[in-house]
Structure formats: structure tokens, C-alpha cells
Amino acid sequence: MTTMTLTRPGLPELVTGVRELVSPSAGPRATAFAVADLLRRWLPPPEILTAQERLGDPDRYVGHTLHAETAFSIVAVVWRPGQRTAIHDHIAWCVFGVLQGVEYETLYRDHGDHLTEIGRAANRVGEVSGFAPPGDIHRVHNTGDETAISLHVYGADLSAAPSSIRRVYDLPVLPAR
């Protein structure tokens, strides 16, 4: 019987690099910035996913957990055209880099009874961004004509948590004053 091991280009180097940066004594923002710098240097190709994984799902965006340990997780997210998240925030810091396509992000501020839009970004291949709670309320949307793939590093063990999402916001979005 032959056992086949799945090779994910760039993943071992990324895991080692993130592991060296994550420390209980570092704050979430500082960690997110450090991991973002690392991801800019070590952003893997879309082939970190198999051809089948890169197809995505016609009904919803899909995340593939590539690595999880106590201090962090690495997830590749596949977005087919038109797919989007709900407006949400996260349980921990997050850094993401775009491997393929365009990941469009809208940022919001919570005013208790409503949200206001505070920014937009069209993140293209090779671009890396990150954030740490609080102030990480956003929606992600594939506005392009091709499947988008992004690699996310979360400061949480997603094998032990049901999701990276802390809260989904079902509040009206009002124009900024």
C-alpha cells in the first residue's frame, strides 16, 4: 500500500515563520503587523491548494484549514464571483494575502444602533492586509469575474473554535455624517 502526502508549496516556511512571531507577550496589533510583513515575503502561490480545492463551491465561499495550532491557524478561502460574507468581526487578529483574483473589502464602524462605512479596498494579487479587534468590522466580496483565493492567518486555533467570526452585524448601514 502506498501512502501519498499532500505537498502544499510555501506552507512549511510560512508555519515556521508565523510560529517564530507569535508570542503571548506581544499585543494583537503588533503581532498582526509582524505576520503581515512575513506574509508579504512568504505569500505562497494559489497552488498551495489542490486543483479541486481551487474550484470553490457554487453556493458559498469556502475555507480550507491548512494548519491549526494553539496560537494561530492558516486558512485558504476560495471566493467564486459574487460570493460575499455577512458584515462581521473576528475572535482574534487576522492577516490575509490575495493569491488570485480580487478580494473587495468594505470596513464599518459600529454606533450601537447602526453601522457606517469607513473605508473600501480592492485587494489584488500579492497585496497583504491585516487587523486586530476591536475595529475589525468588515464585509468581504468577490466583485470580479474570476475565482479569488486569499490566504488568512488568524491568531486563534480554528480547530478548537467553530469559526473565526465573533459576531455577525445585522444593523442598518447609514451614511457617514
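Figure 1. R109 has T116 of β6 as its bridge partner. The model shown here and in the other views is predicted. Strand β5 covers residues 102-110 and strand β6 covers residues 115-124; nine bridges join the two, and they run antiparallel. Four residues lie between the strands of this hairpin, and G112 has a positive phi near 90° there. Strand β5 is also joined to β8, residues 138-141, by four bridges in an antiparallel arrangement. In that pairing, H138 of β8 is the residue opposite L107.

**Figure 2. The open five-stranded sheet.** The strands follow the order β1-β2-β9-β4-β7 and pair in the antiparallel sense. At the edges are β1 and β7, the latter formed by 128-131; each has a single partner strand, so one side of each has no neighbour in the sheet. On average, and with direction ignored, neighbouring strands of the sheet are turned by 20° against each other.

**Figure 3. Pairing of β1 with β2.** The two strands run antiparallel and are joined by six bridges. V62 is bridged to V78 in β2. Elsewhere in the view, I74 of β2 is the residue opposite H67.

**Figure 4. Strand β2 and its pairing with β9.** Seven bridges link β2 and β9, which pair in the antiparallel sense. H152 of β9 is opposite V75. β2 is mostly covered, since seven of its seven residues are buried. In a regular strand, side chains alternate between the two faces of the sheet. In β2, S73, V75, V77 and W79 point one way, while I74, A76 and V78 point the other way; all of them are buried.

**Figure 5. The largest nonpolar core.** This core has 25 residues, and the members that touch the most others are I74, V95 and L151. At least two core residues come from each of α1 (11-21), α2 (28-42), β1 (62-68), β2 (73-79), β4 (94-100) and β9 (148-154). The element that gives the most is α2, with five residues. Around I74, and leaving aside neighbours within four places in sequence, the contacts are L11, L14, V15, H64, T65, L66, H67, L151, H152 and V153. Another core of 12 residues lies apart from the largest one and includes C94, F96, V140 and A156.

**Figure 6. Helix α2 across the sheet.** α2 lies across β4, β7 and β9, and runs at about 20° to β4. With 15 residues at 1.5 Å a residue, α2 should span 21 Å; the C-alpha atoms at its ends are 20 Å apart, which agrees. T31, A32, V35, A36, L38 and L39 are the buried residues of α2. These residues cover an arc of only 165° around the axis and therefore lie on the same side of α2. They pack against α1, β4, β7 and β9. R29 and R41 are exposed on the other side of α2.

**Figure 7. Surroundings of Q83.** Q83 is located in the loop between β2 and β3, the latter formed by 88-90. Its relative accessible area is 9%, so Q83 is buried, the limit being under 20%. Apart from neighbours within four places in sequence, Q83 is in contact with D57, P58, D59, R60, Y61, V78, V140, H141 and N142.

**Figure 8. Surroundings of S164.** S164 sits in the loop between β9 and β10, where β10 is formed by 165-168. With a relative accessible area of 10%, S164 is buried. Its contacts, leaving aside neighbours within four places in sequence, are D89, H90, I91, Y154 and L158.

Key
Residues numbered from 1 in each chain as written. Predicted model: local features only at pLDDT ≥ 70, side-chain atom pairs only at ≥ 80, totals over all residues. Heavy atoms only, no water. Core = buried A, V, L, I, M, F, W, Y, C linked by side-chain atoms within 4.5 Å. Buried < 20%, exposed > 50% of the residue type's maximum accessible area, 1.4 Å probe, protein only. Contact = heavy atoms within 4.5 Å. Pairing = 2+ DSSP bridges. Axes fitted to C-alpha atoms, helices over the stretch in contact; angles between N-to-C directions. Expected span 1.5 Å × (residues − 1). Arc of directions from axis to C-beta.
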